[in-house]
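My entries follow the model shown here.

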Amino acid sequence: MSIEVKKAIDSGKTVLGIELGSTRIKAVLIGEDNAPIASGSHEWENKYIDQVWTYSLEDVWNGLQDSYQKLSADVKEKYDVTLQSVGAIGISAMMHGYMPFNKEGELLVPFRTWRNNITEKASSELTALFTYNIPQRWSIAHLYQAILNEEGHIGDIDFITTLAGYVHWKLTGEKVVGVGEASGVFPIDLHTKNYNQTMITQFNNLDAVKDLPWNLNEVLPRVLVAGENAGSLTKEGALLLDKSGQLTAGIPLCPPEGDAGTGMVATNSIAKRTGNVSAGTSAFAMVVLEKELTKVYPEIDLVTTPTGNLVAMAHSNNCSSDLNAWVGLFDELTEALGLGIDKNRLYETLFNLALKGDPDGGGLLSYGYLSGEHMTHFEEGRPLFVRSSASQFNLANFMRVQLYTAFGAMKMGMDILFKEEKVSLDEVLGHGGLFKTEGVGQKMLAAAFGVPVSVMETAGEGGAWGIALLGSYMVNKKENETLEHYLKENVFAGQTVKTVRPDEKDVTGYEQFMERYKKGLPIERAAVNHLK
């Protein structure tokens with residue numbers, strides 16, 4: 001096996017995928033069978049500066065170079081070969097946000113990430129103008145809010161893009177994004193697989209916009225669909241990625257995609273009636289729709305697959321951050337007691353305890369709102385745990401409620417799809433850190449959604465693997481072969497899948513928890529108002 005892999009590396013038949021996630025930048029190299037053969041990662045964190053969640057460009061490139069360097073070292077250690085070329089490269093990153101550049105290519109304001117809830121006025125005005133939900137984290141909402149704020153940089157804008165679009169631009173010189181990523185920048189016309197030109201015109205004609213020295217079509221990145229060539233790695237780009245100078249230029253890149261799109265690919269859930277849930281720092285459910293929704297819902301984003309099919313997205317800003325903080329607290333206790341318990345074992349123990357909790361969580365209540373939560377209309381967050389004197393306060397219930405609340409805000413959006421729009425799902429595929437402990441996250445999500453939840457053996461690979469698969473599709477697809485067919489035949493055939501079906505007691509218990517969750521929101525509001 002290693003000899004075959006070594007030959008594939010030597011002959012440049014591998015594909016490199018890199019994803020810049022919220023807390024980790026991961027690089028994955030896949031072989032000719034599309035399975036991962038090497039990886040490298042870099043931990044990073046956003047910073048809250050001047051009331052804006054951001055990452056510096058220095059952190060972006062340091063993280064990319066570190067993850068690539070570690071991947072190269074992994075290749076060298078496993079296969080005794082120096083990585084010099086690959087068959088294709090794909091770049092992915094957390095969606096949305098705002099990165100405006102001037103004609104000299106300088107970033108005009110610090111990168112504003114998806115995590116910011118600072119565009120409420122722009123979001124509501126554009127939603128009304130387009131009759132189409134424009135969430136606060138979308139790039140167009142950030143741009144329009146900056147215009148409404150009369151920020152000094154607006155007249156100097158030459159180009160705006162996302163984090164994935166920015167990295168791809170610097171590696172290739174091409175100002176492009178994949179259609180899935182583009183659908184979180186500005187609404188997409190499902191027929192043209194491009195920005196909705198009627199809405200572009202509406203935006204350009206706004207009083208605050210029409211006298212600006214640019215129009216929207218001029219500053220947005222060009223849209224490409226999965227399978228199209230999105231440029232090649234330049235000499236400068238190769239050095240940006242690989243400081244050692246070993247990586248050669250000329251490697252083709254696929255269209256850069258957001259983490260939502262790569263999550264769909266990595267879970268083989270881009271066909272209609274399929275859905276997936278990514279559960280990490282944030283949680284979002286993606287449901288590929290059979291038809292358009294009957295009306296506009298501020299809780300539901302409409303985005304697309306990397307091939308341009310309509311997807312309903314229920315996105316919550318908060319998922320595992322507060323849960324991880326609690327596990328960190330228990331880790332401190334075990335350290336103080338001199339027990340030296342492995343962190344993975346601690347997670348497994350605590351997660352499995354949740355299975356022993358009461359179906360409704362024993363009357364406990366928690367909000368893991370480390371940041372604001374648009375689904376429940378909070379601009380800021382305060383992590384909060386609450387119980388009454390009658391609650392069943394024990395560790396099993398505590399952990400169950402931590403897992404329940406991680407999906408709580410997202411469930412409010414999904415209930416709209418299930419109960420208002422009568423959307424049907426055959427199953428949901430879960431991926432992300434919350435599903436690492438076998439069966440636990442699945443069981444909680446099955447209770448939340450009332451549908452079977454499956455996890456594949458590759459679920460831990462995540463978006464870096466997903467964007468690598470899109471790169472593989474670009475260079476290896478047959479003529480007129482669809483992405484759905486390519487994934488089914490070349491990636492997921494024979495894949496091991498573990499499925500958990502919903503337990504009626506748990507489904508009822510989760511609904512009881514959600515009633516408590518909704519009634520308790522004024523407590524969270526009081527915490528935001530009074531705990532500065």
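Which residue just after α14 takes a positive phi? I found K422, with a phi of about 55°. I keep in mind that this is a predicted model.

**Helix α14**

I checked the length next. Helix α14 covers residues 408-420, which is 13 residues. At 1.5 Å a residue, α14 should span 18 Å. I read 18 Å between its end C-alpha atoms, which agrees.

Then I looked for a bend. I found one of about 30° at M414 in α14.

How many of the 13 residues of α14 are buried? I noted 10, so α14 is largely enclosed by the rest of the structure. Buried here means under 20% relative accessible area. M414, where α14 bends, is one of the buried residues. Others I noted include G408, A409, K411, D415 and F418.

What covers the buried residues of α14? I listed strands β14 (274-279), β15 (283-288) and β17 (310-316) among the cover. Helices α13 (395-406), α15 (440-449) and α18 (504-519) are also included.

**Residue S320**

I moved to the loop between β17 and α11 (321-336), where S320 lies. Is S320 buried or exposed? Its relative accessible area is 8%, so I put S320 down as buried.

Which residues does S320 contact, leaving aside neighbours within four places in sequence? I wrote down G280, T281 and L434.

Last, I looked up S320 and Q402, which are 82 residues apart along the chain. Their C-alpha atoms are separated by 8.7 Å.

Definitions and conventions:
Residues are numbered from 1 along each chain as its sequence is written. This is a predicted model: local features need pLDDT of at least 70, side-chain atom pairs count only at pLDDT 80 or more; totals for chains, interfaces and linings use all residues. Side-chain values use heavy atoms; hydrogens and water are left out. Helices (H or I, at least four residues) and strands (E, at least two) are DSSP runs, numbered from the N terminus. The expected span of a helix is 1.5 Å times one less than its number of residues. The bend at a residue is the angle between axes fitted to the seven residues ending there and the seven starting there. Buried means under 20% relative accessible area, exposed over 50%, partly exposed in between (1.4 Å probe, protein chains only). Contact means heavy atoms within 4.5 Å.
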